Amino acid sequence: MGILLRLTAVLLLMSLMCSAMTQMSSCGPELAALKRNIKKLENKLVIGAWRVEYLTRHKYSRPFQSTLSNEDQNPQMDNGTSDSSNVTHMNSLPPAGSLMVHDKDCSELFDRLRCPSGFYRIRPNLHQEPFLVYCDMEDGGGWTVFQKRRHGRVDFNRDWVDYRDGFGDFKLWNDEFWLGNEHMHSLLSEGKNLVKIDLMDWDGQRSHAFYENFRITDESDKYRLQYGMYSGRAGDALTGGGGMVEQWSSCLSGMQFSTRDQDNDRYIQGSCAQENKAGWWFNRCHAANLNGKFYRNGIYTGQSDNGVVWGTWKGLWYSLRHTTMKVRPLVFLDAMGSGAGEM
Ligand SMILES: [Ca+2]
């Protein structure tokens, strides 16, 4: 970067000298060439500056919004510490947002760079602004994570707009978030996919469920859920478990999304989202709700089964400790060569 600056300064000086000389002699062609070189160097400088910004962000896993909101919350931080000078530096850079986002999801990023797990920007389709996601590069690699529960610090009982746009923290590996229905719609619309749901109870036991071709429609259809074949060990709780009665009341295939301020469920007497303290796809109401109320220690009691629930594994009255929902292409040669992740 320093070399570029010095070169630009030298060329500027030469062009000034030359322009003074034009009155005496003809150095027009040289001047034009110099101007073109300056322009090229200026462009290189802009791209270089943006690369530094990009790498700095990813090194510290700093999302756009969080950086700004941290600054808003701590205006006294602007005292020349490395942290605040970073923020100032990033804000002053030119907008070149789309230059460095090559990947439509974490699987492409994994194929290209074999990078570690962390927050990266992706762009599922070219008509969309890039956005920040957590990429799980373990478990075979290439997973784009769209839901995570870890410690209960993020409130998941929210309105439609929050669920549409996404919420939570996007900084640390164990942060909790919902990527947002709008982002999920574009992410899940690309080709055939495989969604993996990772679950952990309060004794550290783990289980999982796979769903092929997991999709949600757009907002005009209230982000209706559709999915294909189930496999895994935790049971097909999205479909409601075994019996016809259970499926009639809790099969979530074909259900629209509901939040506490938008009741799109089939429960006529009330609102599943309000009862279950969550935005989710509800029928009458559910056998799986990973956005439910976070209860510590698993077994809970309440007026309704409103915990973080995967009914076919731990029942409706057990609230899980860790959950992750993540997606990658159905056909994907992962780090272990199996294409299926941890079974
Ligand atoms: Ca209802």
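These legends describe close-up views of a predicted model. Local features need pLDDT of at least 70, and side-chain atom pairs count only at pLDDT 80 or more, while totals for chains, interfaces and linings use all residues. Residues are numbered from 1 along each chain as its sequence is written, and side-chain values use heavy atoms, with hydrogens and water left out.

**View A. A disulfide joins Cys106 to Cys135.** The structure holds two disulfides (pairs of cysteine sulfur atoms within 2.5 Å). Here the S to S distance is 2.0 Å. The link is left-handed, with -75° about the S-S bond. Cys106 lies in helix α5 (residues 106-113) and Cys135 in strand β2 (residues 131-136), so the pair ties together parts that are 29 residues apart in sequence. Helices (H or I, at least four residues) and strands (E, at least two) are DSSP runs, numbered from the N terminus. Cys106 is buried, at 0% relative accessibility. Cys135 is buried as well, with a relative accessible area of 0%. Buried means under 20% relative accessible area, exposed over 50%, and partly exposed in between (1.4 Å probe, protein chains only).

**View B. A disulfide joins Cys272 to Cys285.** The sulfurs are 2.0 Å apart. This link is left-handed, at -85° about the S-S bond. Cys272 lies in helix α9 (residues 272-276) and Cys285 in the loop between β12 (280-281) and β13 (288-289), so the pair ties together parts that are 13 residues apart in sequence. Both cysteines are buried. Cys115, by contrast, is in no disulfide; the nearest cysteine sulfur, that of Cys135, is 6.7 Å away.

View C. Asp263 is partly exposed, with a relative accessible area of 40%. Asp265 is buried, at 13%.

**View D. Phe146 and Phe214 form a tilted aromatic pair.** The structure holds 23 aromatic pairs. Rings of Phe, Tyr and Trp (its six-membered ring) pair if their centres lie within 6.5 Å; planes under 30 degrees apart count as stacked, over 60 as edge-to-face and the rest as tilted. This pair is 6.1 Å centre to centre, with 40° between the planes. Both residues are buried.
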